[in-house]
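Trainee: Could we go through some of the labels used for this model? I would like to know what stands behind each one.

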Amino acid sequence: MLNVLKGRVYSQLGTSLRACGTSAVRRNIDTSNIIHLATRQSRKMSRQNLRDFVRVNDLLLHVPLQDGSRWPSPRDPQPQPVLLSVSVLHDTSKAAQDDDIKSTIDYDSLSTLLMSKYNQSSVALPSLEALLDGVAESCFEASHAQELYLLAKKTKAVLHAEAVGIERSRSKDSHFICSDRYFIEGLQCSTTIGINLCEREVKQAVHFHLSMSRSPSDSRPVNLRQLTHQIHQAIEDSSFFTLEALASHVARTVLQSCQQNIDRVTVRGQKPNALLYAKSSEVEISRTLADFQQEINSISVDREETSVAPDLFATRPGMYTVAIALGSNLGDRFANIELALRLLETSDIFDPQTIPNLVDDPQISIIDTSFMYETAPMYVTDQPDFINCACLIETNIRPESLLAVLKWIEKAVGRVPSIRNGPRAVDLDILTYGSEIIDTRPTEARGDLSNLDGQLVVPHPRIAEREFVLRPLADMIPDYILPESGKSVGRMLDELEASEHEDASAMYRVIPFPKYPISESRPATPSSPGGFRLPVVPATAKYWKHPCKHRKTTNRGHTKTYIMATLNVTPDSFSDGSKHNTLDAALKYTTSSVQAGMDILDIGGYSTRPGAAYVSPQEETDRVVPVIHAMRTLRAEDIDGNAVDIQHLRNALISVDTFRPDVAEAAVRAGANCINDVYAFAGPEYPLNRSSAEHFLEMRKVARSLAVPVILMHSRGDAGTNKDYSNYDDAHDDKVLEGIRVELGERVRAAVRGPRGLRRWLVIVDPGVGFSKPVEGNLAVLREGGKIVSEYRGRRGRNPLAGYPQLIGTSRKSFLGKVLERPDAEGTYRGRSTTPVQRGWATAAAVSSAVQQGATVVRVHDVLELGDVVRVADALWK
């Protein structure tokens, strides 16, 4: 067998090379050279075991393949280049002795035959495997060969690798002589890898070569393009200290993404920039799925508490990644969806008596969520608007049992029978189940989509026509290629958008704010169908809308810019310290702000001013909670005059400006609706350390349990320091913008993705104007703030902040004072020093720019004056 020969050649080469101290060289030998070496080595064996070959190397064919090239093309696929090598087992001794061409294989005729049958063929083949099957049949018919060794390589098949292909051996009786070998050559990615500080701040290039084998009895095609996308995404999203750990991560991704197809994977990982005087450093590993089963069994159950960078494609053995769509248009739509999600993760309540074939230890973990959308109803239009979203789960529950679980949850939340596509309290649909294709309908009933009740069809058959399904999926897995369709989720969304009419109903992203405190007089949560008492989910107080970016319009639909009023109940804040730190003064500011059009009030009890005095958590709590409690229990006699509706005041949205989990929880339970954290959950220490990670997990846990929106701000410790962004000099636009995208993006990704992560729709990002940025950097944020959350792929990959709503806070900040100090070189203005309260007009200019850049919220001190600016700016740009 060729593999046996290779092994012997490797063994001899290894012995020789190790003697020279260069054993690693053999790993870079080209496959064709190995075959030649194997042939040469075979001649030294016993004449009874003679194995000679006649070979055609790298025959260039242009073959239409339905599995696509760099982009899928299942319909009318275009020919793509394939390099085909054919090795025919043939005893060449007679030809060598007689020097007679009649005694050998006519390789010219063989190559001509293959060119005539497969080059520029008008008939598309379903896969590269099908091409090799046809080539083998043609070669056996045209020669007296008993064994063939084939290698087909696609050089334009994937975006990020040099080539992918298959090596296959066949006998004339159609038996596979040895395992198929699939390979991916020259996969190039960028990731965070290394132990040095500079390596932790800037992604660097890594190169991978993968070789995968599988049982000869498995005839199913392997989608190498999809697999390469998955590996690339897993590498780009990763962060490791060692190349060994990254290589292991890649091997796990391959095996767990293709556990039905691949038996063993060999991974060669290279860091081209690691060594100054060498081409690269390299690690090579070989793994099976069983290797990772042992590794997983040794990991603590609590691993999910500390995992902040999950791989969405690779799952543990026995677990599957499943995409689920959720929708609601009756009752409290947001609370219905949150309740359904909490039930989804409460797997110990599922009754084996009502869930068919339920596994012994059912597990479901939500590992990602989409943004949330308000959408017009489809099909049956005479009904309320829907709230739609999606989630990714990791589960060991098989498809039909999972469908029964989802139906149980729908009933528990309150869904009752209705007309098809009619209103419902909640609806849960399985969109994808790993890469499986499932249809439980009888074969004769699969002609249309009118008979899906009680049946399971995966991928969901209506994905391609539903923007309210594709858009949430694209938030999470835009590069995922749907089985059979050959198209990525992102491409399907682009095609759907391109086909829509200009007057299509707008879809809005939404941010729900829960109502706190939860009233003790509120009716008890109803029990589930099995008698289990449902978890308490807060009702919805209000919700905000912000537009989706759309290919046909800059902002699809129209929305307002929300105004956040700033209430510092502190004695030392930079602009209004000691002005509102009494209860009466705080309520007076709140009343005037509500009257002026405030949308949310941000209450802070600990100044972030550089050099501010330390405040204990208890003192901070004692400053903010009484104000929140007073607002929620206001009576008409507590305020002067009747200029404001008392209910307006009592129901005003409140955000607590804190980075401490215990303060945040106390404030929310007292009545706050949002958490505003200037350190994005990681605490004030910088650079980040272990305590930062522990702080992050605690803040995430509190926010998740309370189901409140969070504002995560970019900062680097003390606001006046750490302003160097030279590590991002390679940015495609501005290095400060890139620093925000990378650094805040890492925090947001860690907050949202993985077990027990936040709902994506509850995250608002703040670039941190005035925090750890030079003056020109702050101006860049205002000038091009829209790029911070734009949809793009930069040098470091996809923007992790793409699509998030953005808060901009510029009010009275010192960088505005620095601008005002600059003299006018061509005029009479000599510059002037200003106090914070003198920067109102400068703030107005900054706020106007923020609105023009698409900010969802602006944070201000002077609500009436800056509210006028916002309303005019909205009229101009929104």
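Trainee: Where is Arg-812 placed?

Mentor: Arg-812 lies in the loop between strand S27 (807-809) and helix H22 (814-820). Helices (H or I, at least four residues) and strands (E, at least two) are DSSP runs, numbered from the N terminus. Remember that this is a predicted model, where local features need pLDDT of at least 70 and side-chain atom pairs count only at pLDDT 80 or more, while totals for chains, interfaces and linings use all residues. Residues are numbered from 1 along each chain as its sequence is written, and side-chain values use heavy atoms, leaving out hydrogens and water.

Trainee: Why does Arg-812 count as buried?

Mentor: Buried means under 20% relative accessible area, exposed over 50%, and partly exposed in between (1.4 Å probe, protein chains only). Arg-812 has 7% relative accessibility, so it counts as buried.

Trainee: What is the phi of Arg-812?

Mentor: Its phi is near 65°, a positive value in a residue other than glycine. Most residues other than glycine have a negative phi.

Trainee: Why is Ala-707 called buried?

Mentor: Ala-707 has a relative accessible area of 10%, so it is buried. Ala-707 sits in the loop between helix H19 (690-706) and strand S23 (710-713).

Trainee: What makes H16 roughly parallel to H18?

Mentor: Helix H16 (residues 617-632) and helix H18 (residues 661-670) pack at an angle of about 15°. That makes H16 roughly parallel to H18, because angles under 35 degrees count as roughly parallel, over 145 as roughly antiparallel, 65 to 115 as roughly perpendicular and the rest as oblique.

Methods. Axes are lines fitted to C-alpha atoms, for helices over the stretch in contact, and angles run from 0 to 180 degrees between N-to-C directions.
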